[in-house]
Amino acid sequence: MFKEYNPIQDKLFRIIDDDGMIINKEWMPELSDEQIVNAYKEMLFARTADLQIVSYQRQGRIYTYPPNYGQEAISGATGAVMREDDWLVPAFREMGAYLAKGATLKELFLYFMGYEDGSLFKDAKNILPISVPIASQLVHATGIGYEIKYNNKDQVVFAFVGDGGTSEGDFHEALNFAGTWKVPVIFIVQNNQYGISTPFSVQTASENIAIKSVAYGIEGIMVDGNDYFAMYAALKNAAKRTGEGNGPVLVEAVTYRKGAHTTSDDPTKYRTKEEEEEWDKKDPLKRLKAYLIDKKLWSEKEEERVIPQYKKEIDSQFEEAENYPESSLDDVFQFMYDEMPEDLQKQKVEQEKFLTWMEERK
Ligand SMILES: Cc1ncc(C[n+]2csc(CCOP(=O)(O)OP(=O)(O)O)c2C)c(N)n1
């Protein structure tokens, strides 16, 4: 696969076209009908949750949130390929992968409500917390990969970053070390065409992101990130390859962020309606759904049946998060130092005075 889709040739690995028809039978993964339907349902659940979270944010019930809208096939395929002992090292836009690892929506809600407990992912095995400092998580991923190799374990690390993140020094450090030490890490770059308002055309002079693998002496592949089957096949192959000691793999997942960068952003300021419409044709759910409907494995009726169930489940987990016990103000101050330094003590007093003043104004 990696020879055939050498990123130097700027060739995109696809299995289905924009209408859900198979165009690359040779690489079609061996998945049962049930597995494919489940994959679609998981993506649909993630999309429903994602749209609902934006709506909660607009109602003032949750803080800033980075929508996953349009990128669901990447997390969905990662979730399906990852094994229980494998590691997930997230950025912040891979909801389907967190859920597949065992994180709950409630925990995600808590995270975006500002609770520390939202980073615990209590029942999920081998997952790091969400990482907002761009690309910093890749260095951790390489470190975990080094430990796996050192202790001869049968594990693979799936590490996420965006196209903007590839311009960070941490990206270089992580891939350079990973290549040198041949650690079992798959670096998944979600190239959603924008780093906030910075378009891919000015992010890098490289023809694509996968090509950067050549300089690190590792395998790389550019995949249609809106094609569930292509993502699944590429990740499955990458996991096998890297798990057998052949070094890390760089998977560029070419996609489009259909939503805003976060709920604080307005993409109409920097991209056109025409561009959005072009990418709508490549929507990952639309394509997998067309495939399933063609095979008589799914229907509009079935979709209409499950969406209200999903919404109910999402609302119920959201309400649980809303009823989570409030953190005390002391928490803001007490966890940084063993003994609180003087300036923090002063700030604490000021804050208490401020809150008393607010209370009196009511
Ligand atoms: C080190 C660092 N610099 C800047 C920021 C502010 N910031 C948050 S998201 C973002 C853009 C990230 O773009 P990309 O890596 O393409 O990921 P995407 O948001 O598109 O998923 C920036 C610059 C940050 N969080 N961390």
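Modeller: A residue is buried if 20 or more other C-beta atoms lie within 10 Å of its own, exposed if 12 or fewer, and partly exposed in between, with C-beta atoms placed from the backbone. The model is predicted, and local features need pLDDT of at least 70, side-chain atom pairs count only at pLDDT 80 or more, while totals for chains, interfaces and linings use all residues. Numbering runs from 1 along each chain as its sequence is written. Helices (H or I, at least four residues) and strands (E, at least two) are DSSP runs, numbered from the N terminus.

Let us take helix α6. Helix α6 covers residues 169-181, 13 residues in total. From its first C-alpha to its last, α6 reaches 18 Å, close to the 18 Å expected. That expected span is 1.5 Å times one less than the number of residues.

Which residues of α6 are buried? They are F171, A174, L175, A178 and G179. Seen down the axis of α6, these buried residues fall within an arc of 120°, so they line one face of the helix. The arc is that of the directions from the helix axis to the C-beta atoms.

What covers the buried residues of α6? The cover includes two helices, α5 (136-150) and α7 (212-216). It also includes the strands β2 (157-162), β3 (185-191) and β7 (249-254). Contact here means that the C-beta atoms of two residues, placed from the backbone, lie within 7 Å.

Now the end of the helix. K182 follows α6 and is found in the loop between α6 and β3. Its phi is near 50°, a positive value in a residue other than glycine. Most residues other than glycine have a negative phi. K182 counts as partly exposed because 17 C-beta neighbours lie inside 10 Å.

F121 also has a positive phi, near 40°. It lies in the loop between α4 (105-112) and α5. F121 counts as buried because it has 23 C-beta neighbours inside 10 Å.

The open sheet has 5 strands, in the order β1-β2-β3-β7-β6, with parallel pairing. β1 (87-89) and β6 (219-224) stand at the edges with a single partner strand each, so one side of each has no neighbour in the sheet. From one strand to the next, the twist averages 20°. Strands count as paired if DSSP finds at least two bridges between them.

β2 and β3 pair in the parallel sense over 6 bridges. In that pair, V157 stands opposite V185 in β3. Helix α8 (residues 228-243) packs on the sheet and touches β3, β6 and β7. The direction of α8 makes about 170° with that of β7. For such angles, axes are lines fitted to C-alpha atoms, for helices over the stretch in contact, and values run from 0 to 180 degrees between N-to-C directions.

Stay with β2 for a moment. Of its 6 residues, 6 are buried. In a regular strand the side chains alternate between the two faces of the sheet. Both faces of β2 are covered. V157, A159 and V161 are on one side, with F158, F160 and G162 on the other. The bridge partner of F158 in β3 is I186. β1 pairs with β2 in the parallel sense over 3 bridges. There, A159 in β2 is the bridge partner of V89.

F160 lies in strand β2. It is buried because 27 other C-beta atoms lie within 10 Å. Leaving aside neighbours within four places in sequence, F160 is in contact with V89, P90, A91, E94, I188 and Q190. F160 and G118 are 42 residues apart in sequence and 19 Å apart in space, C-alpha to C-alpha.

Last, the wider setting. The protein chain holds 13 helices and 7 strands. Its radius of gyration is 22 Å, close to the 21 Å that the globule rule gives for 362 residues, so the chain is as compact as a globular protein of that length. The radius is taken over C-alpha atoms, and the rule is 2.2 Å times the number of residues to the power 0.38. Along the principal axes, the C-alpha atoms fill a box of roughly 70 × 50 × 40 Å. Buried residues make up 43% of the 362. Of the contacts with a separation of 6 or more, 76% join residues 24 or more positions apart.
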